[in-house]
Amino acid sequence: ATSDSSEGETVVYGSQSDEVGEQQADDDEQAEVASDNGTDGIYDTTVVSQAYLSGNPDSLSGIDRDIYDRAVEIISEVITDDMSDFKKELAIHDWIVYNCTYDNRALGILSEPGENSDNPYGALCNGQAICTGYTLSFQMFMDMLEIPCLTVYASDNEGEEHAWNMV
């Protein structure tokens, strides 16, 4: 779902975004947002989470396969079958917090984040990310674990952007 105002723009997607879309946008707009996650350079984690859920990562290659392999390794480290969804959320959250640092190269007027800091590869494989890398990683894990989650992207009227998850 997309919302524009004089204060900026907000985009929401994730495993519950269809429900939000019905409330905030018409079906055509929601379908466009869901399929256009990559139009603004946002890495789409769908292929990784679908490969995990199907148990078949054979179609993945390159960065997608690296992300998949690392995510499977992390899930096997921190998730057990007897955990509640809340405990799974907390375990994934804690893993990300303790194993990933904010990419400070993104701070400042002329600064640019490091390569892949805006996607799960940066967070999971390089250990550095900006808010988009953190949120995409968490969203991907929640999708892999079939836990409803939303990712929100917003910008203010000056174009300052931020992203966060809602579970």
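**Helix packing and positive-phi residues in a predicted model**

Asn-116 is buried, with a relative accessible area of 18%. Buried here means under 20% relative accessible area, exposed means over 50%, and partly exposed lies in between (1.4 Å probe, protein chains only). The structure is a predicted model, in which local features need pLDDT of at least 70, side-chain atom pairs count only at pLDDT 80 or more, and totals for chains, interfaces and linings use all residues. Residues are numbered from 1 along each chain as its sequence is written, and side-chain values use heavy atoms, with hydrogens and water left out.

Asn-116 is not a glycine, yet its phi is positive, at about 75°. The residue sits in the loop that runs between strand E3 (101–102) and helix H6 (120–126). Helices (H or I, at least four residues) and strands (E, at least two) are DSSP runs, numbered from the N terminus. Glu-146 also has a positive phi, near 55°, and is a residue other than glycine. Its loop lies between H7 and strand E5 (150–156). Glu-146 is exposed, with a relative accessible area of 62%.

The protein contains 7 helices and 6 strands. Along the sequence, the pattern reads β-β-α-α-α-α-α-β-α-β-α-β-β. The protein has 167 residues, of which 42% count as buried. Contacts were defined as heavy atoms within 4.5 Å. Among contacts with a separation of 6 or more, 53% come from residues 24 or more positions apart.

Helix H3 spans residues 46–54, and its buried residues are Val-48, Ser-49 and Ala-51. These residues cover an arc of only 160° around the axis, which puts them on the same side of H3. The arc is that of the directions from the helix axis to the C-beta atoms. An α-helix has 3.6 residues a turn, so residues three or four places apart point the same way. The buried residues of H3 pack against helix H4 (62–78) and helix H7 (131–144).

Ser-54 belongs to H3. Its side chain reaches the backbone oxygen of Ala-51 at 3.1 Å. Ser-54 and Met-144 are 90 residues apart in sequence, but their C-alpha atoms are 9.9 Å apart in space. Just after H3, Gly-55 adopts a positive phi of about 75°.

H4 and H7 have axes that come within 11 Å and cross at roughly 65°. That makes H4 roughly perpendicular to H7. Axes are lines fitted to C-alpha atoms, for helices over the stretch in contact, and angles run from 0 to 180 degrees between N-to-C directions. Angles under 35 degrees count as roughly parallel, over 145 as roughly antiparallel, 65 to 115 as roughly perpendicular and the rest as oblique. The crossing of H4 past H7 is right-handed. A crossing is right-handed if the near helix is turned clockwise from the far one by less than a right angle, and left-handed if anticlockwise. On the H4 side, Ile-67, Ala-71, Ile-74 and Ile-75 meet Met-140, Phe-141 and Met-144 of H7.

Helix H5 (residues 85–99) also packs with H7, at an angle of about 150° and with the axes 10 Å apart. H5 and H7 are therefore roughly antiparallel to each other. H5 passes H7 in a right-handed crossing. H5 contributes Glu-89, Ile-92, His-93 and Ile-96 to the contact, and H7 contributes Tyr-134, Ser-137, Phe-138, Phe-141 and Met-142.

How values were computed: Polar contact = N/O pair within 3.5 Å; in protein donor to acceptor, adjacent residues only side chain to side chain.
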